[in-house]
Amino acid sequence: MKKTTLLIHFLCLGLASCLYFGEANAQNAYFFPKGEKLNPAIPTPEQFLGYPIGKHHTRYDQIISYFKELDRVSDRITSEIFGMSIEYRPQIVLKITSPANHARIEEIRKANLARSTQNTGDDMPMIMQINANVHGNEPSGGEAAIMAAYYLAASESEETLNWLNNMVILLDPIQNPDGRDRFVNWANMHKGTPFVSDPLDREHNEVWPGGRMNHYWFDPNRDWFLGIHPESRNRMKLFHQWRPYVFTDHHEMGTNSSFYFDPGMPSSNNWLIPKNLAENMHIRFAKYFEKGMNDIGSMYFTKEVFDKLYPGYGSSYANFYGGMGLLFEQASSRGHLQETTTIPITFEFTIRNQLAMALASIRATLGEKTELIKHRRAFFKTALENARKSPTKAYIFGDSQDENRTNAFANMLLMHEIEYYEVENDVNLDGKKFEKGKSFIVPTEQTNYVMVQSVFETNTKFMDSVFYDASAWSLVHAFGMPHTEVKTPLTKGKQVAAPKVKMPAMVEKSNYAYLIDWADYYAPKALYHLTNGGAIVQTSFKPFSTLVGGKERKYGYGTLVVPVQQQKISADSLFSLMQKVSKAAMLDVQTIGTGYNVAGIDLGSGNVRTVKKPEVLMVVGAGVSAYEAGEVWHLLDERVGMPVTKIEMATLPRANLSKYNTIIMVSAGGAFLGGGYNAIDEGIKNRLKSWLTSGGTLITFKSATEWAIKQGFTKEKLKEDKKEESKDKKDDKKELKISRLDFDKAQPTEGAKGINGSIFEMDLDITHPIGFGYTNRKIAVFKNSTTMLEPSANPYNTIGQYTANPLISGYISKENLKKLGSNTAAILVSSEGAGRIIMFADNPNFRGTWYGTNKLFLNALFLGSLISVPNVDAGEEVND
Ligand SMILES: [Zn+2]
C-alpha cells in the first residue's frame, strides 16, 4: 500500500491535475455539500488509500498513516499519539484548528480549563471532540472520521474557516483499535465483487466473539467510569487535559433501524446531572441534527431508547464534568451492502450520515457556545453549593488489611480528578477503624462533587423500570471498600497527587517458614507464582496468632504457609523466589522461626493443607458470554499472571480433560447468545460428569449454574417461581387465570421483570474456603441475572446467601426483591464423588471492577480442590 501511496503522491505533485481527481470529485460530491471548495493540495482519502471510502473497510494502520500525512501537509492539523492499545496499536488524536490557534494552543487549553469555574475566557476558542468506533464492529463512524479530517483540512468554505478560527476540534477516530481491526479484516476478507447483500452471507455474520469488544472481550463503552483498560485510561487522561464541551460518540445499531440522535429517553437521565442538559441543551442541539439529516433525506428517531444514567459511556462521561455527551447510532450495513426491509443499505450511506452528524455537532458547538459555557459554569457552581448543603462533609475509606485493593480504588479516584487526602491520624468512626497510611479522606466540597457522588452514593429510586444497562455502579461497593460518611470536619493530611503503589518490606531469609496474609488482593498472584516456581505452599483452614518482633500478630483463614525444609527446592532458591514474588505481587512476606503459635493452630497442624496448582480450562465459543469469559481471562492474565486454556465448545471433544483440574463455565444461552451450552452433546456431558466425580473442580456462573443443575451435575435446586395452582389440584383442566394487558405495555411490563444490574448484600460464610480472606460476613455483590438458588439441604453447603433485605443500590421489581430476600442462596458448593461443583448465582468478576468479589472466584479456583463437604448424615467428611 505504501508504494501505491507514494506513486499517487508523485503523480499528484508531478501533474497539474491528479490522476484520481475525477473520481475523488465524484466521491466528494456524495459526501459534501454542493459547490464546496476543497484544497487540491490535500490528498483525499481515496487518493491516499487507493479506493473510495465506503467501498472497502480501512485498516487501522492505514488510518494512522493518512492522519500523519494530513499532519504533514496541512497547517490546520497536528496529530498526537497519546497511548497504546493492548495489542500495541497506537492511539491517535488529531487537533484541528487554524494555524494561528495552533501557535497558541497551550494558552487556549489552559484558558478553556479556567473558564469552567471563572468568568474569563469567553472569547477564547471552543473545545469539542469527535469520537468513533468504541465498538469495533461499528465501522461507519471511523470511516466518517477519516472524511471529517479530510474535510476540515481541505475545505475553503467560509463556515469551515470560521470553525477553525473559533474552535479546537479534537478527533479520536477509533476508540477501540483492536476490535476495529478484527471486524475490518472480517468484512474485507469476505467481501465479494460484486457485493453480496444477502444478510445470511458470511460477510455479515462475524464469528464469536466478534469485533465489538477490546482485546479481553470487554465492552470499552462501559469503561469510561471504570478505567480498567489502558485504552480508556489514556482517553480519560486526554479528556481531562482538554475537557471538551461537547463529546460525540458515533455508534451503529441493527441493520433495519434508521438513525438515532439525542435527546434519549427522558425518564432515564442521571439524577445528578442538572435538568438543563436534557431539557435545554439537547433540544437546542437536536435542531442542528434534524436539519443535517433532513438535508440529505435520511430518516431518524430520538427519545425512545438509550439512557444516560451510567457515567461509563462515551456519551455520558462528559456530562459529569459540565459538558455534553452526544450519542449517534447508525443502522449498520455490517459489511459493504446488506438488504433491509426497504432498499439495501450501503456502507457509504452509513458513513455519510455519521459524517453529516459530526459536522452538525461542530456547527452546533459553535452556534451554542454561549449556552455551553453557561451550562458548565452553572454545573460546577451548583455542585459546590450542593456539596456545602450536604450533611456529609467527607468520605473516609481504606482497608488496612488490603493495601493493594485500597490503592486500586484510590488510584481510580485520581483518574476522575477527584481530590483526596491522606488521613492525619488513625480514625475510629461508625465502629470502623481507618489507619493512618492506609486510609484516605475525600472532602465533598470540591468541584468534582458530582463524580464523588457517583463513586460513593447509592440509589434505589428510579423513574423507570426498564434499563438499557446496569442501574447501579457505586464503585465503593464494587471494590468492597470499608468506608463511612464523615459529618463533622476532619483534619486532613497531604493531598494525594500521584497513584500509590505498595512497596513491600524486604523479605528476610528464613530457615523455618514464610507466611503471606490471604486478605491481600494479590495473595492469589503470590500463590500462583510460588507454586509455578516449584514451591510447595499450604493454606491455613483456621486462624492463628504468632509473635512477630515480640508482638502478637493475628493471621486469618487462608493464610499461606510456606515451610522451608519440606520443599523440593533449596532454602536459597525458595528465598530468592520469595523475594521475586513479594515484589511482583506487591505484598509483605513474614519470616517465621517457629511452628508454635501463641494462639490457634500451629503451623504443622492438619488444618494447614497443601494447595494444588490449578490447571484451568475455560469453555468458550458461540453461545458463551464473551464478556464473562473475557473477565476471567483478564483477571487471570493481568491480576494473577497465570495462563488459562480457552477451549471452544466445538473443540471440547478433542480435549483430554484429565489434563485440567479446574473447569470454568461462565454464563451462556439465551436467544442473543444462540442457545449456550445446549451445543454440548450427551457424550461430552458424560465425560464432564466423570471428570467431575473423579476429582475435578467445576466452577459455574449464572446460567451455567442453571445448566449444570438441569443437566443433573448436582442435586442442588434452582429457586422456582411459586406457580398459582388451582385450588383443587385434581382438577387439572380447570382454567388458569390469565390477565389481559395492552400490547403497548409489553415492553415496560416485561422489562421490569429482569435484573439488569443492581447491588445486593450477601451473607458470606467466611470460615469456608470460598470465603477465606474476607473479614466481614456482609459483602456487596453485583447481580445482573435472575438466577436464584434454593439453599442446600446440607447446612454447610450454602456459602453465600442474600440477606433478608438485600437491595443496596439499583432497580429491582418488588416481586424479585421478595424472592431474593427469602433465604435465596447466592453461592453453593456441592460434593460430587471425589470432585465438587462451585455454583455462583452471579458473576463475581463483573467488568473487571468487582475487586470486592474477585476473591470469591479466586478462592474457588485456588482452594476449590481442598473443599471437603461435611456429610451431615454420617457426621464425617466425605471428601478429603
Ligand atoms: Zn456501539
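Buried means under 20% relative accessible area, exposed over 50%, and partly exposed in between (1.4 Å probe, protein chains only). The model is predicted: local features need pLDDT of at least 70 and side-chain atom pairs count only at pLDDT 80 or more, while totals for chains, interfaces and linings use all residues. Residues are numbered from 1 along each chain as its sequence is written, and side-chain values use heavy atoms, with hydrogens and water left out.

**Zinc site**

The zinc ion is coordinated at 2.0 to 2.6 Å by His-135 (ND1), Glu-138 (OE), Glu-138 (OE) and His-251 (ND1). Donors are N, O and S atoms within 2.8 Å of the metal (3.2 Å for Na, K and Ca); water is not among the atoms, so sites may look incomplete. The angles among the 4 donor atoms run from 55 to 156°, and the site is irregular. Four donors count as tetrahedral if all angles lie between 85 and 135 degrees; four count as square planar and six as octahedral if opposite donors are over 155 degrees apart and all others between 65 and 115; anything else is irregular.

The donor residues follow the spacing H-x2-E-x112-H. His-135 lies in the loop between strand S3 (126–131) and helix H7 (140–154), and His-251, 116 residues apart from it, lies in strand S5 (residues 246–253).

| Residue | Relative accessibility | Class |
|---|---|---|
| His-135 | 2% | buried |
| His-251 | 2% | buried |

**Sheet**

An open sheet of mixed pairing holds 7 strands in the order S1-S2-S4-S3-S5-S7-S6. Strand S1 (77–84) and strand S6 (259–261) stand at the edges with a single partner strand each, so one side of each has no neighbour in the sheet. S3 and S5 pair in the parallel sense over 2 bridges; two strands pair if DSSP finds at least two bridges between them. Met-128 has Val-246 in S5 as its bridge partner. Helices (H or I, at least four residues) and strands (E, at least two) are DSSP runs, numbered from the N terminus.
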